[in-house]
Amino acid sequence: MKLLQVFTLIICILFWSNGCGLFSKPPEDTTVTYHGFVMGTHVNVSIYQMSDSQDSVAAANQLIREAEMKLYEIESIFDYDDPDSELSRINTTAYSEPVEVSEYMSELIEEGLRMSRLTNGAFDISLGSLIELWQYEQIPARSDIDSLLPYIGYENITFEGGRVSFSNERVKMHFGGIAKGFAVDKLKELLVSGGVNSAFIDIGGEIGVIGQTHRENGTWRVGIRNPHNLSENSVVIEVSGGTFATSGDYERFFIQDGEKYHHILNRLTGEPAVSDYASVTIISGNGAFSDALSTAIFISGDVMNDDTWNKEGFCVVYIFKELDKEIESRHFGDCDFCVSIG
Amino acid sequence: MTKKSKAVISAIVIFALASASLIAHLWIIGIRFDEPVALIYRNGELLYEIELLQVSEPISYNIENVSKVEIRDGKIGISQANCRDQICVNMGFVNGVVPIICLPERIEIRVRNNDSDIDGVTY
Ligand SMILES: [Zn+2]
């Protein structure tokens, strides 16, 4: 009789789990995914759930098309290398006369200048000429760098009444360290206002999440690529929201005479930043902020005054260059969306 | 047949039915016992979709004459590339959610794995 009782119990569990959906999947009925190559990087956007289940696939597809158009729009404004972009037009004329700018340009100049000030120029939107000097993947002449440095610095940019002007013709804005995060913000806005309940956005490793997952607590799990072994994650962060940005020395670089020269430049030296970190990741509620701050901390360490940062609210994860140094993380202000790190 | 053995047989039959129904249920709601699938993109366009575990012998794909993607031991990676930085080659071989990226040649390899407990990777 004992055997029968055990069987009956197992059967009850099996039927019960079937019936009440113990294993039921998330309401991921609407999964619609976009892959593209925009803004010089790979883009992946997945919509998992719409708030209105009627025609949700059609609605999600429509939003994906709008998201793609939005990305191309942002690219057409901020592409440094495209002579027809708004940025190029500004960079060639803002010295001789103030230039009126578009809404997105205005937003990003404002946020860019704010971040430049907050980080004392560790992040800086005025590095265009310097980045150009390094773009040929060889070390520029020291004299060329030195002659440029006096004209590098956000202090040379004035933005007033929707018009931007530069103090010198060699000043050029570059939004490489902030535009991807800004684009994540804009896509989030678009998807949320379009009725998306759950979505995941990845623009070249800058991540934005919307809503909840199917996990019990609804959180998202995002790995940080291990800078010391690129095929693995170093650590997994569990969040209920927010935007991730990572700056590291492994993503873009060239090697000359056995030395590695990465693409994150320090405005004080005019050279690739010498950092204690292999990578720095920021998680905050603002993608442009995360993007700019990860660059700033990678360059200058904790350039921050805790009072200022506590007002912003974010978490930071440091992965050190030294292999035997443990990963560290810090929280500033209100960053409830960081559920766990590790 | 004794009363006991009848009970045992009917228990086994019901158990089998219940198990079958559970498997069918899982299948219908989408938890398939499926395998990792590698997706190779160039310029955002999907070029190949490969079930990694179906590949028994090492195999390579020539991606538009700019790089060679290889699959071996259930993992995928870029074994040769025209790009100058060779970062993609140094990324090694993966079978999970960490993507292999070549920015200069605009190649992206992702492994979709329904068993993965990670939604994405920041880098
Ligand atoms: Zn490559």
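**Chain B, overall**

I began with chain B and counted two helices and nine strands. Here helices (H or I, at least four residues) and strands (E, at least two) are DSSP runs, numbered from the N terminus. Read from the N terminus, the order in chain B is α-β-β-β-β-β-α-β-β-β-β.

A note on conventions before going further: this is a predicted model, where local features need pLDDT of at least 70 and side-chain atom pairs count only at pLDDT 80 or more, while totals for chains, interfaces and linings use all residues. Residues are numbered from 1 along each chain as its sequence is written, chains are lettered from A and ligands numbered from 1 in the order in which they are written, and side-chain values use heavy atoms, with hydrogens and water left out.

Next I looked up burial. Of the 123 residues in chain B, 45% are buried, where buried means under 20% relative accessible area, exposed over 50% and partly exposed in between (1.4 Å probe, protein chains only). The accessible surface of chain B is about 6600 Å², and carbon and sulfur atoms hold 53% of that. Those areas come from the Shrake-Rupley method with a 1.4 Å probe; for residues, only the protein chains shown count as cover.

I also checked contacts, meaning heavy atoms within 4.5 Å. Taking those in chain B between residues at least 6 apart in sequence, 29% join residues at least 24 apart.

**The zinc ion**

Which protein donors does the zinc ion have? I found B:Cys83 (SG), B:Cys88 (SG) and B:Cys102 (SG), lying 2.2 Å from the ion. Donors are N, O and S atoms within 2.8 Å of the metal (3.2 Å for Na, K and Ca); water is not among the atoms, so sites may look incomplete. Along the chain, the donor spacing reads C-x4-C-x13-C. B:Cys88 sits in helix α2 (residues 87-90) of chain B and B:Cys102 in strand β7 (residues 100-102) of chain B, so this pair ties together parts that are 14 residues apart in sequence.

Are these two cysteines buried or exposed? B:Cys88 counts as buried because its relative accessibility is 1%, and B:Cys102 counts as buried at 2%.

**A sheet with strands from both chains**

I then traced an open sheet of four strands, ordered β18(A)-β9(A)-β8(A)-β9(B), with mixed pairing. Two strands pair if DSSP finds at least two bridges between them. Its edges are β18 (338-341) of chain A and β9 (120-122) of chain B, each pairing on one side only. The twist averages 30 degrees from one strand to the next. For angles, axes are lines fitted to C-alpha atoms (for helices over the stretch in contact), and values run from 0 to 180 degrees between N-to-C directions.

Where the chains meet in this sheet, strand β8 (residues 220-225) of chain A and β9(B) run parallel over three bridges. I noted B:Val121 as the bridge partner of A:Gly223.

**The eight-stranded sheet of chain A**

Chain A has an open, antiparallel sheet of eight strands in the order β1-β2-β6-β7-β10-β15-β16-β17. β1 (32-38) and β17 (328-332) of chain A are the edge strands, each pairing on one side only. Here the twist averages 10 degrees from one strand to the next.

β15(A) pairs with strand β16 (residues 314-320) of chain A in the antiparallel sense, over seven bridges. Within that pair, A:Thr281 is opposite A:Val317. Helix α8 (residues 287-300) of chain A packs on the sheet, touching β7 (206-210), β10 (243-248), β15 and β16 of chain A, and makes about 155 degrees with the direction of β15(A).

I looked at β6(A) too: seven of its eight residues are buried. Seven bridges link β2(A) to β6(A), running antiparallel, and A:Val43 has A:Ile203 as its bridge partner. On to β7(A): five antiparallel bridges join β6(A) to this strand. The two form a hairpin with two residues between them, and A:Gly204 in the turn has a positive phi of about 55 degrees.

**A:Ser284**

A:Ser284 is buried, at a relative accessible area of 1%. Its side chain makes a polar contact with the side chain of A:Ser290 (2.8 Å). A polar contact is a pair of N or O atoms within 3.5 Å; within protein, one must be able to donate a hydrogen and the other to accept it, and residues adjacent in sequence count only if both atoms are side-chain atoms. Neighbours within four places in sequence aside, the contacts of A:Ser284 include A:Gly242, A:Thr243, A:Phe289 and A:Phe337.
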